[in-house]
There are 2 protein chains.
Amino acid sequence: MSALRLCGGPAWKKLLSDVETVLLDCDGVLWLGNTDAIPGAKEAVSHLRALGKRLCFVTNNSSKSRDEYMAKFQKLGFDVNKSEIFPTGYIVGQYLKHTAGYDGKVYLMGVEGTKQEIEAIGCTCFGPGPDVLTGTLDDWLQMSFEKDVGAVVVAYDCHISYMKMIQACTYLKNPDCIFIATNEDPVLPSNGHIAIPGTGSMVSAVRTSAKRDPIIVGKPHTPMFDCIVKHTNLQPHKTLMIGDSLNTDILFGRRHGLKTLLVLSGNTKECNLEGLSSDKLPDYYADSIADLIS
Amino acid sequence: MSALRLCGGPAWKKLLSDVETVLLDCDGVLWLGNTDAIPGAKEAVSHLRALGKRLCFVTNNSSKSRDEYMAKFQKLGFDVNKSEIFPTGYIVGQYLKHTAGYDGKVYLMGVEGTKQEIEAIGCTCFGPGPDVLTGTLDDWLQMSFEKDVGAVVVAYDCHISYMKMIQACTYLKNPDCIFIATNEDPVLPSNGHIAIPGTGSMVSAVRTSAKRDPIIVGKPHTPMFDCIVKHTNLQPHKTLMIGDSLNTDILFGRRHGLKTLLVLSGNTKECNLEGLSSDKLPDYYADSIADLIS
């Protein structure tokens, strides 16, 4: 193992001395679930701000819009500005507008927060909420579908249903229909013995039956990075990515020339680092972002 | 293209002269959907029987038990015996009993018909039917789960829901829990512009979040073949597999030393054969099984 374990204030100080911008993942770094901040995370964020670092909150979680994230940050006591928050729902909207140049009709397998971000750039978006199974095969073969759906977005959707899968895959039979996924995270961060499927499971379900691969905008992919750079003009070598997932956060940092710090407060345990090739390891790791102020 | 197109009676007669056993896929070969047999399919089956061929109906479709398939065959006017029907639900039961030696508790993402086949070999099985979303992340993290679930089976389930995905993935966190999928067919056979997701989409959703690969019992995999051989003692080189899907039926036949005949009445069009390497091509192809009696 060649990742460096950060121990005590001096090690953090040395790392941060070269850093202007800090990108922070949220689930597993700042909080777990919806109710509790990770102990010390708020103080660590305040400390980074006091050090004059520019902060970006960079989350693959598409369950909320930027406005809803603001409310969550405030509820949990974090001091954050809306312009610092980059959830994948927002990135989808930015991608549709600036990269794809699309402002038409979008079918979304996802939640209201993602719909708000997609509509904010001028698209018409439908899909969120329950869409309960009705009928049988012979009925589904007679279903009617919306016209002119030029994009399908698959995001986190706990209301996943067969009716939604039929619609997503049918719209995607049109090869000109854009196919976007927010991310491929397999599970939500959780401690313990329960596996809560993440957006990756919804994306896999649709891509299998659509027989097409989506453009994935979230970490570790480049649309997320491009969007942050456009808004912040950050310099990669003076930027630190802090996250709890090797396959998203750390890979994202490595791919885009950032320094990387893994925290063990979410999806990854120290033993998961053993035996990894050096190209998969973070530069640094620590138990928690709270160690910054220890 | 080197697959041979069967034209007229003499070509069929020559092919069938060396064949003792005929394995027939069902959806896309004998029928499409639930209501109509493909024109001429009944007569073709009767003709094969009159020629003295042993018949096996070999379907990846896990939406029905053997008994339910018998009812469907009879409703559509096919002359079939129950012992000739090999749906994947039945293969799951046979695999659990004879290969895994398991007769404990099974969580099934699937329908009642598959449950019946699993219970027929002595297992306790739960899961079929609607399992509607309730609560939020914090509730799911407090969910209670059945004890001693030693196998998870993923089959066709139009009631797919997030609650089912959480359960399947959570039981599969136990590395001793057997993980079986009936098949990976991406879509149900249908003509036209609608894509109806198949079991492959449900399997992809669970395997992504469980981070495990299932044992797949259906075509093109070997558990299906082993089960048929055990029941029929067929000789592969004297057996013909007739199907409409290259990735399941034809690959299944090739892998297990059978002659292969693709029919164009379901999932595959003639243009799909162009440019395929010879190891993916069927030995023969025809518009429909009905051509046998033309």
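Colleague: What makes the space of about 790 Å³ the second largest pocket, and why is it called a pocket and not a cavity?

Modeller: On a 1 Å grid over the protein atoms alone, a pocket is an open set of points with protein on both sides within 12 Å along at least five of seven lines, whereas a cavity is a set where a 1.4 Å probe fits but cannot get out. The volume of about 790 Å³ is the space filled by probe spheres set on the points, which are joined across faces, edges and corners. This is a predicted model: local features need pLDDT of at least 70 and side-chain atom pairs count only at pLDDT 80 or more, while totals for chains, interfaces and linings use all residues. Residues are numbered from 1 along each chain as its sequence is written, chains are lettered from A and ligands numbered from 1 in the order in which they are written, and side-chain values use heavy atoms, without hydrogens and water.

Colleague: Which residues line the second largest pocket closest to its centre?

Modeller: A lining residue has an atom within 4 Å of a point. Of the 27 residues in this lining, A:V187, A:N267, A:N272, B:K173 and B:K211 are the closest to the centre. Helix 10 (246–255) of chain A and helix 8 (199–210) of chain B are the elements that give two or more residues. A helix here is a DSSP run of H or I with at least four residues, a strand a run of E with at least two, both numbered from the N terminus.

Colleague: Which annotation covers A:D25, A:D27 and A:D244?

Modeller: An unreviewed UniProt entry annotates these residues as "binding site"; its positions are given in the numbering used here, its feature names are shortened, and annotations may be inferred rather than shown by experiment. The residues are spread over 220 residues of sequence, yet their largest C-alpha distance is 8.2 Å, and they cluster in space.

Colleague: Why is A:D27 called buried?

Modeller: Buried means under 20% relative accessible area, exposed over 50%, and partly exposed in between, with a 1.4 Å probe and protein chains only. A:D27 has 13% relative accessibility and therefore counts as buried. The residue sits in the loop between strand 2 (21–24) and strand 3 (31–32) of chain A.

Colleague: Why does A:D244 count as buried, and what does A:D244 touch?

Modeller: The relative accessible area of A:D244 is 1%, so the residue is buried. A:D244 lies in the loop between strand 12 (239–243) and helix 10 of chain A. A contact requires heavy atoms within 4.5 Å. Leaving out residues up to four places away in sequence, the contacts of A:D244 include A:D25, A:D27, A:P189 and A:N267.

Colleague: Why is the largest cavity said to lie between domain 1 and domain 2 of chain B?

Modeller: Domain 1 (4–60 + 220–293) and domain 2 (104–216) of chain B both give residues to the lining, so the cavity lies between them; the domain bounds come from an automatic or database domain assignment. The cavity has a volume of about 180 Å³. Its lining has 20 residues, with B:D27, B:N60, B:N61, B:D185 and B:P189 nearest the centre.

Colleague: How many residues of each class are in the lining of the largest cavity?

Modeller: The lining has 4 nonpolar, 10 polar and 6 charged residues. Ala, Val, Leu, Ile, Met, Phe, Trp, Tyr, Cys and Pro count as nonpolar, Asp, Glu, Lys and Arg as charged, and the others, Gly among them, as polar.
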